[in-house]
Every structure is written in structure tokens, then in C-alpha cells.
Amino acid sequence: MLRRTTLLSIALLVLITAVSQVFKTQLELINIALIHLLPVMIIALRGVMSATMIITTATVILFDLLYVPPQYSFDVHDLIYIWSFIIFYLVGYIITLQAKRIRINEIRQTLLRTLSHDLKTPLSSIIGNASLLIQSPSDAEAQREIALQIQMSAQRMDRLIATLLDGTRLQHAQNALKFEWCDFEDLIGVALQEFSSPDQQYRLRIHVDAHLKLFWGDAGLLLRLIVNLIDNALKYAPDQTPITLRVTAQAHHVVLTLCNAGEPIPQAELSSIFDRFYHLEHSADIHGSGIGLSICKEIAQAHHGSIRAYNDPQGICFEVLFPIKRHPLELEERP
Amino acid sequence: MNDLILIIEDDAAIAALLERSLKEHYKTLCAASLKEAKLLLQTHTPQLILLDLGLPDGDGKSLIPLLRRALQTPIIVVSARHEEREIVAALDLGADDYVTKPFSLVELMARVRRAQRRALMLSDDTPVLTCNDLTLDLERHRCILKEVPIKLTPTEFSLMRLFMAHQGQVLTHQQILKQVWGVGYQQGMQYLRSYINTLRKKIETDPARPRYIQTELGIGYRFCCHHEGV
């Protein structure tokens with residue numbers, strides 16, 4: 001969707017050059033300059049500074065080469081034209097900033113919408129089941145069933161709220177991260193407690209490298225990443241299929257891999273599943289929180305790491321790479 | 001049993017829920033503020049106190065040292081999650097345990113029972129500590145798992161002794177470091193994490209699903225003997 005603006009700007013630039021070349025004699029230089037502002041404005045609407053700067057530079061070069069005397073040369077006789085070049089950049093810069101601001105507002109609104117949707121689903125289950133309980137079926141078994149539904153929905157809400165809190169902590173300030181020495185095996189143990197049903201436990205296979213050293217990271221966020229990845233796998237992989245979580249130590253990285261037997265994801269979508277609103281646009285699924293995987297990506301990035309998904313003969317794998325930035329001291333036994 | 005439990009909680013819905021679930025086995029009293037709690041404490045001697053940290057007229061933590069000076073009543077802190085720092089501070093001040101909102105009642109009841117049991121058998125100087133399949137012989141410096149002796153380094157042994165002496169009780173990082181290493185938090189955390197890791201490899205059947213040494217993220221560790229339920 002975003003790439004389209006770039007293509008459009010380039011196409012427009014080509015078109016404008018063609019038109020300007022044909023009508024060069026009829027059009028004055030000032031008019032040519034004005035139409036050259038169009039691709040700059042269009043790319044700037046995308047709100048990405050680097051893209052704006054590239055297209056602006058291309059426009060300025062073309063404009064300079066083809067129209068500013070002397071033509072077909074980078075020389076500029078009249079210094080006044082330098083001003084017009086600066087104005088090209090200025091226009092691009094200002095519009096990009098504004099577009100960015102508008103986009104952030106849009107993201108906020110979509111986030112709010114996703115959230116209230118994600119929270120509303122379990123909440124309406126709670127309200128509905130509670131009113132059922134009040135009307136009180138005399139059957140004890142039915143009552144228990146209803147109460148269990150309430151509990152499950154409430155736990156889902158709780159997990160979502162925890163994800164959100166971690167998400168805001170991530171966005172607000174990098175310096176809010178609490179780095180400490182983390183033991184991945186330990187964190188996995190804590191993460192597994194969130195999935196307590198015997199069925200879920202049976203499906204989860206854990207392999208942790210015996211020589212794994214402590215990792216310098218934010219324990220709360222790393223836990224959230226592991227929980228979200230497992231949660232996601234449980235949601236999308238077929239029932240009863242195993243989910244394998246592996247942590248391995250490499251020379252410069254700690255690698256966390258989670259594989260499950262989910263349906264393969266089309267190649268083109270593999271990277272976009274980590275975008276904030278992927279689920280909102282691409283699936284009819286309602287019980288997934290659209291922000292789980294995107295928060296995983298943010299957590300990986302907060303540790304200077306990266307996350308990717310790839311299809312595997314057995315299903316889908318998620319791989320998180322954490323570069324090792326600090327090494328723990330060797331332990332010495334002090335009797 | 002007819003013990004008195006004091007509930008210090010300003011949220012009426014939570015207080016009512018706590019009262020309802022404790023009613024069956026205990027007598028309860030409710031205070032919605034620090035002031036009210038202090039008044040009640042002048043006329044009653046509860047067997048256990050449930051303390052919410054965020055109270056309308058001040059920090060619930062301030063009550064802990066006050067209480068500790070006078071009596072050994074177990075205190076269980078009730079707090080919101082994401083307030084690890086507050087919880088740790090309360091535990092270091094002398095609170096016995098904590099639960100985070102939203103808590104499960106089963107868990108809360110187990111904690112209440114455990115805190116009471118601990119209060120009853122305070123000074124227990126047995127030279128042999130046991131927990132399920134684990135036995136720690138303090139005099140002969142031996143640790144036995146399922147009748148097989150396991151080798152522990154001196155540090156691991158002191159860790160085990162601390163854990164086994166405080167079964168089911170949450171111990172903050174700070175408390176463990178002070179007891180075992182006698183060093184401050186900064187230098188010690190790395191040691192603590194590494195020793196827990198190796199200790200788990202020695203005593204747990206599946207270190208990724210530990211049954212004895214449970215991690216309380218951001219707070220500390222709890223040594224569990226699973227026949228206790230939670």
C-alpha cells in the first residue's frame with residue numbers, strides 16, 4: 001500500500017518530464033518548476049523522510065539538468081535557482097512532517113479501535129455469562145460451565161492488558177527498559193505457567209541449550225515476547241499438534257525459535273504479519289489481538305535484535321535473534 | 001478454626017469478595033483506610049492481615065513497620081501487577097507474602113493457610129529439612145534427592161538451606177543475597193541467577209518447568225513443596 005505512493009511519484013515524475021519536454025517552448029520555467037513540485041508533494045504525503053528526500057533529489061536533478069540554464073549540465077548560472085531547489089526540499093520536509101503527524105493520529109485511532117474490540121469480546125462474554133448466572137440455572141454442572149467461561153474470558157482480558165502495558169512502556173521511552181541479567185530457561189518456565197491446561201503443556205516442547213549464558217535484557221519484556229509467541233502458536237496451529245520452542249547460543253547471538261504446525265503463510269505476507277494492524281485487515285479472526293506479534297517485534301528491536309517468520313516443511317517458524325552485547329562474568333565459587 | 005482476619009482494602013467490591021470467601025473458615029473485619037485500620041488494631045488482635053497497598057489516605061506499606069514492631073501477625077500484601085517495586089519494598093519491610101490483582105481465590109486461600117501455618121511454627125531448629133523427595137541434612141552437610149545424594153557447592157548448599165527453611169514463602173532477591181552472599185543487589189543478581197540455574201539442573205526433573213524453585217518475576221523466588229497445592 002505504501003509502496004504505491006513511491007511508484008506513483010516516480011511515474012508522475014516521468015510523465016511530467018515528458019510533458020515538460022514536449023511543451024518546453026510554450027511553458028515558462030516558473031510553470032515547469034511548479035509542476036515539478038507535484039511528485040515531491042505526493043511522496044511527502046507518505047510521511048517517510050528518506051523517501052521524500054530521494055524523490056526530491058531526483059526531481060531537483062532532473063529540473064536542473066533539463067530546464068535550468070545551462071541545460072544538460074549541473075551548472076547553475078543564476079544563483080537564484082539555488083533558492084528554488086531549497087524550496088523543493090523545504091516543501092517536501094514540511095509536508096512529510098505534517099503527514100507523519102496525521103499518520104500517528106490515525107494509528108492511535110486504529111489502535112483504540114482494535115483495543116476496544118479486543119477487550120469488548122471477552123468483556124461481553126463475561127457480562128453475558130454473569131447475567132446467565134444471575135438467572136441461575138439450578139443445574140450445578142451448568143453453573144460451573146458458565147463460571148469457567150467467565151474465568152477464561154477474564155484471563156484473556158488480563159493477558160491483553162499486560163501486553164498493552166508492556167507495549168506502552170516500550171513506546172514511551174527506551175530508557176524505561178529495565179535491563180538485568182536474564183536466564184532464558186527461567187523466563188520460559190515463568191511463561192509456561194500462563195498456559196496451565198494439561199493439553200497446552202503437552203503440546204509445548206522446550207529445548208534450551210545447556211551452555212546458554214545469562215543474557216542482558218529486560219526480563220518483563222522478554223517474558224511478554226515468549227508468552228505472545230506461544231499464545232499465537234496455540235491460537236493458529238491445529239489442535240493437538242506440537243509446538244517447539246528452542247533457545248540456542250551462538251557466538252554472537254542468542255537465537256529463540258518457535259515452530260508450530262500452522263498453515264504456511266504466503267511469502268509476501270511473511271514480514272507484514274509483524275505490522276501493527278495486520279490481523280485487522282487480513283483475517284476474519286476475532287479472538288486474536290492484532291498487536292501481539294507487533295509487540296514481539298518491538299521487544300526484539302528494543303534488544304537490538306530482529307524477528308522473522310519463515311515457512312518450514314512442518315509448518316511455520318518464528319525466529320528471534322538477540323545480539324549479545326554484554327557478557328556475564330565467569331562465576332567463581334566462594335566457599 | 002475461628003481466627004480473625006483483618007482486611008484492609010478500600011475497594012468495596014474486592015473487600016466484599018474477600019470477606020465472602022474467607023467467611024467460611026475465619027472471622028473477618030474490614031477497614032477501608034489506614035486510619036480505620038489503626039483504630040481497629042487498637043481494639044482487636046487479628047491472626048492475619050490482608051493489606052492493600054494503595055489506600056485513600058496513604059501508602060499501605062507504612063503500616064508494615066508499625067505492625068512489625070508490635071506483633072508477629074502475618075501480613076499478606078494485595079497489590080496490582082506491574083508494581084513489583086512496591087511489592088518488593090513491602091516484602092523487605094517484613095510482609096510475609098503477596099498476591100497480585102487479579103488474583104485467584106484458590107491461590108489466596110492457599111497463601112493465607114500457609115502464612116498461618118508458618119506463624120504457628122516459627123522457631124524450628126530441626127537439623128534435617130525435608131520437602132517431598134528432597135532431604136537436606138544440615139549437620140552432615142548432605143543433600144539427598146530420591147535417596148540419591150547430590151553434590152552441592154557450599155554456595156548452593158546455603159541457598160538450599162535458605163529455601164528449605166522457608167518453604168512456600170516468597171524470598172526477595174535482596175533477602176536471598178543478604179542471607180547467602182551478604183552482598184548488595186548490584187553485584188549479586190548475576191550470581192543469584194546463575195546459581196539458581198545450576199541448582200535447578202541438579203534438583204529439578206525438567207529445569208524449564210521447575211517444580212521446586214519457582215520464579216516470581218521481578219520479585220524473587222519461592223521454594224514450593226507441591227503437596228501444598230499452589
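Is Cys182(A) buried or exposed? Cys182(A) is buried, with a relative accessible area of 1% (buried is under 20%, exposed over 50%, partly exposed in between, using a 1.4 Å probe and protein chains only). Here are some notes to go with the structure.

1. Before you start. This is a predicted model, where local features need pLDDT of at least 70, side-chain atom pairs count only at pLDDT 80 or more, and totals for chains, interfaces and linings use all residues. Residues are numbered from 1 along each chain as its sequence is written, chains are lettered from A and ligands numbered from 1 in the order in which they are written, and side-chain values use heavy atoms, with hydrogens and water left out.

2. Confidence. The model comes with ipTM 0.79 and pTM 0.71. For chain B, the mean pLDDT is 85, and 91% of its residues reach 70 or more; pLDDT is the predictor's confidence in each residue, from 0 to 100.

3. Disulfides in general. A disulfide is a covalent bond between the sulfur atoms of two cysteines. Counting pairs of cysteine sulfur atoms within 2.5 Å, the search of the whole structure turns up two over all chains.

4. The chain A disulfide. Cys259(A) and Cys317(A) are bonded, with their sulfur atoms 2.0 Å apart. The S-S torsion of this pair is about 110°, so the disulfide is right-handed. Cys259(A) is partly exposed at 23% relative accessible area, while Cys317(A) is buried at 1%.

5. The chain B disulfide. Cys131(B) is joined to Cys225(B), S to S 2.0 Å. Here the torsion is about -130°, so the disulfide is left-handed. Cys131(B) lies in strand β8 of chain B and Cys225(B) in the segment after β14 (220-223) of chain B, so parts 94 residues apart in sequence are tied together. Both Cys131(B) and Cys225(B) are buried.

6. Cysteines without a bond. Back to Cys182(A): its sulfur is 16 Å from the closest cysteine sulfur, in Cys296(A), which is too far for a bond. Cys143(B) is in no disulfide either, and the nearest cysteine sulfur, that of Cys131(B), is 10 Å away. Cys143(B) is buried, with a relative accessible area of 3%.

7. A sheet in chain B. Look for an open sheet of four strands, in the order β8-β9-β10-β11 (chain B), with antiparallel pairing; two strands pair if DSSP finds at least two bridges between them. At the edges stand β8 (128-131) and β11 (148-150) of chain B, each with a single partner strand, so one side of each has no neighbour in the sheet. On average, neighbouring strands of this sheet are turned by 25° against each other, direction ignored (axes are lines fitted to C-alpha atoms, for helices over the stretch in contact, and angles between N-to-C directions run from 0 to 180 degrees).

8. Around that sheet. Helix α6 (residues 154-165) of chain B packs on the sheet, touching β8, β9 (134-137) and β10 of chain B; contact means heavy atoms within 4.5 Å. Three bridges join β10 (residues 142-145) of chain B to β11(B), and Cys143(B) stands opposite Ile150(B) in β11(B).

9. Two loop residues. His141(B) has a positive phi of about 55° although it is not a glycine, and is found in the loop between β9 and β10 of chain B. Lys146(B), also not a glycine, has a positive phi of about 50° and belongs to the loop between β10 and β11 of chain B. His141(B) is exposed at 51% relative accessibility, and Lys146(B) is exposed at 52%.
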